[in-house]
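Welcome, and take a moment to look over the model below. The report that follows walks through it step by step.

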Amino acid sequence: MLEKHFSASAIVRTSFLAAAVCAFSFPALSAGRDMPVQLALSEIKKEELPKTAEPAPAKPGAEQEPEDEAQTPSDSGKPAAAPESPAETESGNTPATNPAMPNAKEGAPVPQVEYDVTKLPFPVQKMRELILTAAKSGSIEALRPLIGSGDDVTMLSLADIEGDPLAYLKTLAGDPDGQEILAILVDVLESGYVHLDAGTADELYVWPYFFAYPLDKLEPKQKVELFQIVTAGDYEEMKQFGTYVFYRLGITPKGRWRFFVTGD
């Protein structure tokens, strides 16, 4: 009887435990249908991790394009093209050389030096005489009608000048009235001259002839003529340039006073 009772009790307890297990198991299984299973990070496979967009690898030798399609000239990595000069765009030719610039070209033949003013065309002779007369008067104002105005004004500087041209000439003189400039005009016009670019639009008669004469080819007597216009110190400085860079004066065949300038 005791064994039967023990067996029956054991069976009852076993059944009770089984029923309890089932009671707790069914809600979990039911809930598992609606709730996702939570996994530890170590249990998540690599392919289940969220993937970030990666740029495609650049091909060898190919440059990566910027993100923005619209590019400014500075973004493109190329320097902006320089604007063409007016001379290139309109005529295709380079601007003419300033006729008042020193004309002693290296390797060029020595020009013919002239002293006889009667060989000059009459308009050139007349303008030379008018300038000399005005300079010897002692008044720089006497040059005003000869200098002209507007497009025909005489070039008095290699750079642009503003204001009254005679006032500018006074600033170049060592005295307030500009009489030193007048003395230089006399010395220049009483020296030898050269005839340049004959038969062309740039034809000129220029004083002194040193303007187009190589300094290293000057003879002793010609250096004396040079020192009537410049000092020995000026001459030494000019040798560094290889050409005469003091005051020079040009007149066209038609008698226009083209320039009276100094400098290089």
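## How confident is the model?

The protein chain has an average pLDDT of 75, and 62% of its residues score at least 70; pLDDT is the predictor's confidence in each residue, from 0 to 100. This is a predicted model, in which local features need pLDDT of at least 70 and side-chain atom pairs count only at pLDDT 80 or more, while totals for chains, interfaces and linings use all residues. Residues are numbered from 1 along each chain as its sequence is written, and side-chain values use heavy atoms, with hydrogens and water left out.

Among the elements, helix α3 (residues 122-136) has the highest mean pLDDT (98) and helix α2 (residues 86-90) the lowest (35). Over residues 1-12, pLDDT stays under 50, and the model has 1 contact beyond four places in sequence for them. Residues 14-53 also have pLDDT under 50, with 1 contact beyond four places in sequence. A contact here means heavy atoms within 4.5 Å.

## The overall layout

The protein chain holds 8 helices and 4 strands, arranged along the sequence as α-α-α-α-α-α-β-β-α-α-β-β. Helices (H or I, at least four residues) and strands (E, at least two) are DSSP runs, numbered from the N terminus.

Of the 264 residues in the protein chain, 28% are buried. Buried means under 20% relative accessible area, exposed means over 50%, and partly exposed lies in between (1.4 Å probe, protein chains only). The accessible surface comes to about 18700 Å², and carbon and sulfur atoms hold 56% of it; these areas come from the Shrake-Rupley method with a 1.4 Å probe. Among contacts with a separation of 6 or more, 60% join residues 24 or more positions apart.

## The sheet

The 4 strands make an open sheet in the order β1-β2-β3-β4, with antiparallel pairing. β1 (194-196) and β4 (257-261) are at the edges with a single partner strand each, so one side of each has no neighbour in the sheet. On average, neighbouring strands are turned by 20 degrees against each other, direction ignored. Two strands pair if DSSP finds at least two bridges between them.

How many bridges join β2 and β3? These two strands pair in the antiparallel sense over 3 bridges, and W207 has L249 in β3 as its bridge partner. Strand β3 (residues 248-251) pairs with β4, also in the antiparallel sense, over 4 bridges. Here G250 stands opposite F259, and I251 stands opposite W257. The hairpin of β3 and β4 has 5 residues between the strands, and G255 takes a positive phi near 90 degrees in it.

R248 and G250 point one way from β3, while L249 and I251 point the other way, and all are buried.

## A helix across the strands

Helix α6 (residues 179-189) lies across β2 (204-207), β3 and β4, and runs at about 115 degrees to β4. Axes are lines fitted to C-alpha atoms, for helices over the stretch in contact, and angles run from 0 to 180 degrees between N-to-C directions. The buried residues of α6 are I181, L182, I184, L185, V186, V188 and L189. They pack against α3, α5 (165-172), β2, β3 and β4.

L172 belongs to helix α5 and is partly exposed, with a relative accessible area of 31%. Leaving out residues up to four places away in sequence, L172 touches E180, I181 and Y247. L172 and T262 are 90 residues apart in sequence, yet their C-alpha atoms are 9.9 Å apart in space.

## Aromatic rings

The structure holds 11 aromatic pairs. Rings of Phe, Tyr and Trp (its six-membered ring) pair if their centres lie within 6.5 Å; planes under 30 degrees apart count as stacked, over 60 as edge-to-face and the rest as tilted. Two of these pairs are set out here.

| Pair | Centre to centre | Angle between planes | Kind |
|---|---|---|---|
| Y209 and F210 | 4.2 Å | 35 degrees | tilted |
| F246 and Y247 | 5.0 Å | 85 degrees | edge-to-face |

F246 counts as buried at 18% relative accessibility, and Y247 is buried at 5%. One aromatic cluster is formed by Y115, Y209, F210, Y213 and Y244.
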